[in-house]
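Hi,

Here is the structure I promised to send over. Have a look first, and my notes on it follow below.

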Amino acid sequence: MYRDPVESLEPLHSRPAAIRTLRVGMIGIGTVGSGTFRVLARNRADIAARAGRSIELVIVAARNLQRAAGIVGEGVPLTADAMHVATHPDVDVVVEVAGGTGPARDWVLAAIAHGKHVVTANKALLAVHGTEIFAAAREKGVVVAYEGAVAVSIPIIKALREGLAANRIEWVAGIINGTTNFILSKMRDEGLDFAAALAQAQALGYAEADPTFDIEGIDAAHKLTLLAANAFGMPLRFADAQVEGITALQGLDVACAEQLGYRIKLLGVARRQASGVELRVQPALVPVDHLMAHVKGSMNAVMVKSDAAGLTMYYGAGAGSEQTASAVIADLVDVARLDGVDAAQYVPHLGVHAHAMNALSVLPRAAVDTSHYLRVPVHAVGQIQAVTACLAAQKVPVRQVALAAECSGTGPQVLVLTGPVVQGTLDLAVHALQARNEVAGPVVTLRVEALEG
Ligand code: HSE
């Protein structure tokens, strides 16, 4: 007899009692933890409907219990002992949103050892200790989920793991730190100085506890390491990433880049090459008419180039309390639905391609091939020729040359855009330029990223 497939679905309320509440223990109730508490409470019914069962916060560990009580009220037991939450017999999933790489590693490994799934937004922890943590999780058959760790509100890990599962990924590039993008936007659009813009980012809860991680590019490199692992199925190689932040960036170069039709953004780039993977975070020139140049404030954007889907781009808040909570709770819903899933699904380098991708190395800086912007201070306007001749002799292709319009008391500046050239060749050319009498000060170089298919 024909049965309507819709009618034959069991309504949720008649399911067996075995589909029980997912019990969550949370470690940390700062910016991300408090957002997670609020959103879980506010959207409780919708979240339960999507997860197929209710998700309850059963215990919270906090450093400051009085402050924590002000957030969670009477409803949720509090403890100062994070390890108590990590090992609690009534907890199915541990949400680690305390941050840091020391104690957090111990809590997460203890939770895994006790057979608990883990959801974390802690990119530093996973970039540095991920290989050990994922191996332990696989051994125990539990999931370590981390959507909130990368470009918080953008489901980019899910897009790479699921939406683009059919593709061979060629490169991933993007603005993956909200704080630095906020600072660059405020400096450019409102003329704020660096310190004032950083102070605003801190007040809005965008910055890391130690903002050096943001402004020196370390936080973006943590996230890029996770993106590369998902895109290419390679192990986490944070220690091999080239990392440069925005502290050495000069206002003069922001103005000169604009004159040439570019905007400077802190980009993370992971690109597959025949001999290895580029893994680098640097301030780079992006064409002003590219979507990436218009990502402002604390927003993030990630582009993925893959063989079948082609170019795709993802945009959303890159920092913030409920923005990160959104990703943390999405992971909880996944765990609620997929309890018992093959943990390797969340651990790309432990999956089916393990042998091939474990062998992939990260390319050394000298081998990375892009176009470049050069700003060369000279003594006199007539010395442009000496600069271009020197670059030609060093086999650096020159695409465009101009004099800086804005050099406010610094003397004439020759601006050069090169064609693609490997960093090793460019380094030799800059060394040769620097030795010439015509050159009046340090030569500045930045990468140019076309971000095209
Ligand atoms: N400090 C981080 C940022 C927070 O600014 O992007 C989100 O990961």
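Which side chain has an N or O atom 2.6 Å from an oxygen atom of the ligand? That would be Lys123. Before you read on, please keep in mind that this is a predicted model, so treat the distances as computed values.

**The ligand site**

Asp214 has a side-chain N or O atom 2.8 Å from a nitrogen atom of the ligand, and Lys223 has one 2.9 Å from a ligand oxygen. On its own the ligand would expose 260 Å², and the protein buries 94% of that. As for where the ligand sits, it is in the largest pocket.

In total, 13 residues surround the ligand, and the closest are Lys123, Gly178, Thr179, Tyr206 and Glu208. Sorted by class, that shell has 5 charged, 4 polar and 4 nonpolar residues.

**Two residues with positive phi**

Ala151 is not a glycine, yet its phi is positive, near 45 degrees. You'll find Ala151 in the loop between strand 6 (144–145) and helix 7 (156–163). Is Ala151 buried or exposed? Its relative accessibility is 0%, so it counts as buried.

Lys395 also has a positive phi without being a glycine, this time about 65 degrees. Lys395 belongs to the loop between helix 15 (384–393) and strand 14 (398–403). With 67% relative accessibility, Lys395 counts as exposed, because the cut-off for that is over 50%.

Thr79 is part of strand 3 (residues 78–79). What does the side chain of Thr79 reach? It gets to the backbone nitrogen of Asp81, at 2.9 Å. Thr79 has 13% relative accessibility and therefore counts as buried, since buried means under 20%.

The other one is Ala293, in the loop between strand 10 (276–287) and strand 11 (299–306). Ala293 has a relative accessible area of 0%, so it is buried too. Ala293 and Ile175 are 118 residues apart in sequence, while their C-alpha atoms are 9.7 Å apart in space.

Cheers

Note on methods. Residues numbered from 1 in each chain as written. Predicted model: local features only at pLDDT ≥ 70, side-chain atom pairs only at ≥ 80, totals over all residues. Heavy atoms only, no water. Near = heavy atom within 4 Å. Polar contact = N/O pair within 3.5 Å; in protein donor to acceptor, adjacent residues only side chain to side chain. Areas by Shrake-Rupley, 256 points an atom, 1.4 Å probe, with all protein chains shown as cover. 1 Å grid on protein atoms, 1.4 Å probe; cavity = no way out; pocket = protein on both sides within 12 Å on 5 of 7 lines; lining within 4 Å. Sits in = over half its atoms within 2 Å of the grid points. Nonpolar A, V, L, I, M, F, W, Y, C, P; charged D, E, K, R; others polar. Helix = DSSP H or I, 4+ residues; strand = E, 2+ residues; numbered from the N terminus. Buried < 20%, exposed > 50% of the residue type's maximum accessible area, 1.4 Å probe, protein only.
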